[in-house]
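Please walk me through this structure. Start with single residues, then move to the cores and the aromatic rings.

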Amino acid sequence: MSTWLRSSPLPSPLLPSRTCPTTLHPPPPPPTATWASRAALQISVSFSRLLTRVTATTTSDARELQQGIAEFYDESSKLWEDIWGHHMHHGFYDPDSTVSVSDHRAAQVRMIEEALRFAGVSEDPSEWPKSVADVGCGIGGSSRYLAKKYGANCKGITLSPIQAQRGNELASAQGLADRVSFQVADALDQPFPDGQFDLVWSMESGEHMPDKTKFVNELARVASPGGKIIIVTWCHRDLGPSEESLQPWEEELLNKICDAYYLPAWCSTADYVKLLESLSLQDIKAEDWSQYVAPFWPAVIRSALTWKGLTSLLRSGLKTIKGALAMPLMIEGYKKDLIKFAIITCRKPE
């Protein structure tokens, strides 16, 4: 398992922590400056070798995580589309409402609309976003919706070749190929120039990012001056003033979810806000929407237990089956107020 696949109260580090000996035995005082020079050189060489090993391990872990994410979505995307349609994210519901199965796809569209409303995207056509980056695009449901709503040009990125191919097929089928496109790319190293997009959209992809600092920096980099950034993501609860970390049982639960869904370290909503503040982004807002998504995971489980759901699940692959078996853990995390469904928005200074 990746060294990043652990819960953490802080944004994911660039390097894993290093262990050090618990006891050090200092050498006797050097008799000459020549001895000191040789010792300093040896220490420098040893540290350089250690850093090389750590960096190599980190790079290997990053590749392993990316491959796991890509394979998970390569396997599961067709199943999801067959049962839930083109939007691969939570739905937005009225708290304590009784919803029918037929309402869930409409709830996913409501999630998009509520996110736009929360971010203050104008309803004035003269102020609509003309260019959108869909970071972690799935099969492109959000991009196609935003392209139709605003007449915008949308570019989506995903680690899954299957998702990118399917997204482009659907864009072509809906007459949007001239304005909507998808490609395989890393959200931490986006293939876009600086300041290109009026709206940078990340709908439930941040939880997969092993380096939250680099993730937020890339979102801000590709946003145009005055452009809006919308992050909708899974977080763990904010830590209390006297807490330095989550409780052991909380970390254990999150690690089980990480194993199933190829997730690196979790962070809190407060951590995201601090990252945005560190970049001097403006109009930063955040809110916990957990109460509005409560019916979602029970509905996904019910759909998986239908004949169509079970037969499709068995055909999809072991990674998808493992993810399905972990769905009750998500419900447990929400019920125990450990997992938070967060929206965080901001604006890049002009």
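In which helix is serine 143 found? Serine 143 belongs to helix α3, residues 141-150. Helices here are DSSP runs of H or I with at least four residues, strands are runs of E with at least two, and both are numbered from the N terminus. This is a predicted model, in which local features need pLDDT of at least 70, side-chain atom pairs count only at pLDDT 80 or more, and totals for chains, interfaces and linings use all residues. Residues are numbered from 1 along each chain as its sequence is written, and side-chain values use heavy atoms, with hydrogens and water left out.

Is serine 143 buried or exposed? Its relative accessible area is 0%, so serine 143 is buried. Buried means under 20% relative accessible area, exposed means over 50%, and partly exposed lies in between, with a 1.4 Å probe and protein chains only. Not counting residues up to four places away in sequence, serine 143 touches Asp134, Cys154, Val180 and Phe182. Contact means heavy atoms within 4.5 Å.

Now take the nonpolar cores. A nonpolar core is a set of buried Ala, Val, Leu, Ile, Met, Phe, Trp, Tyr and Cys residues joined through side-chain atoms within 4.5 Å. In soluble globular proteins, nonpolar side chains tend to be buried together. The largest core here has 63 residues. Leu116, Leu146, Trp201, Ile230, Ile257, Tyr261 and Trp297 touch the most other members. Helix α2 (residues 104-119) gives the most to this core, with seven residues. Apart from it lies another core, of 28 residues, with Ile157, Phe197, Cys267 and Ile344 among them.

Isoleucine 257 leads on to helix α11. Leaving aside neighbours within four places in sequence, isoleucine 257 is in contact with Leu263, Trp266, Leu329, Met330 and Ile339. Helix α11 covers residues 327-335, and its buried residues are Met327, Leu329, Met330, Ile331, Gly333 and Tyr334. Their cover includes β5 (223-236), α6 (248-261), α8 (296-304), α10 (318-325) and β7 (339-347). Just after α11, aspartate 337 takes a positive phi of about 60°.

The aromatic rings come next. The whole structure holds 14 aromatic pairs. Rings of Phe, Tyr and Trp (its six-membered ring) pair if their centres lie within 6.5 Å; planes under 30 degrees apart count as stacked, over 60 as edge-to-face and the rest as tilted. Why is the pair of tryptophan 234 and tyrosine 261 edge-to-face? The planes of tryptophan 234 and tyrosine 261 stand at 85°, with the centres 6.2 Å apart, so the pair is edge-to-face. This pair links distant parts of the chain, with tryptophan 234 in strand β5 and tyrosine 261 in helix α6, 27 residues apart. Tryptophan 234 also pairs with tryptophan 297: the centres are 6.1 Å apart and the planes at 75°, so this pair is edge-to-face. Tryptophan 297 lies in helix α8, so the pair ties strand β5 to a part 63 residues apart in sequence. Tryptophan 234 has 10% relative accessibility and so counts as buried. Tryptophan 297, at 8%, counts as buried. Phe72, Tyr73, Trp234, Tyr261, Tyr262, Trp266, Phe296 and Trp297 form one aromatic cluster.

Finish at threonine 269, in helix α7 (residues 269-278). At 12% relative accessibility, threonine 269 counts as buried. Its C-alpha atom is separated by 6.5 Å from that of alanine 342, 73 residues apart along the chain. Beyond neighbours within four places in sequence, the contacts of threonine 269 are Cys235, His236, Asp238, Ala286, Ala342 and Ile344.
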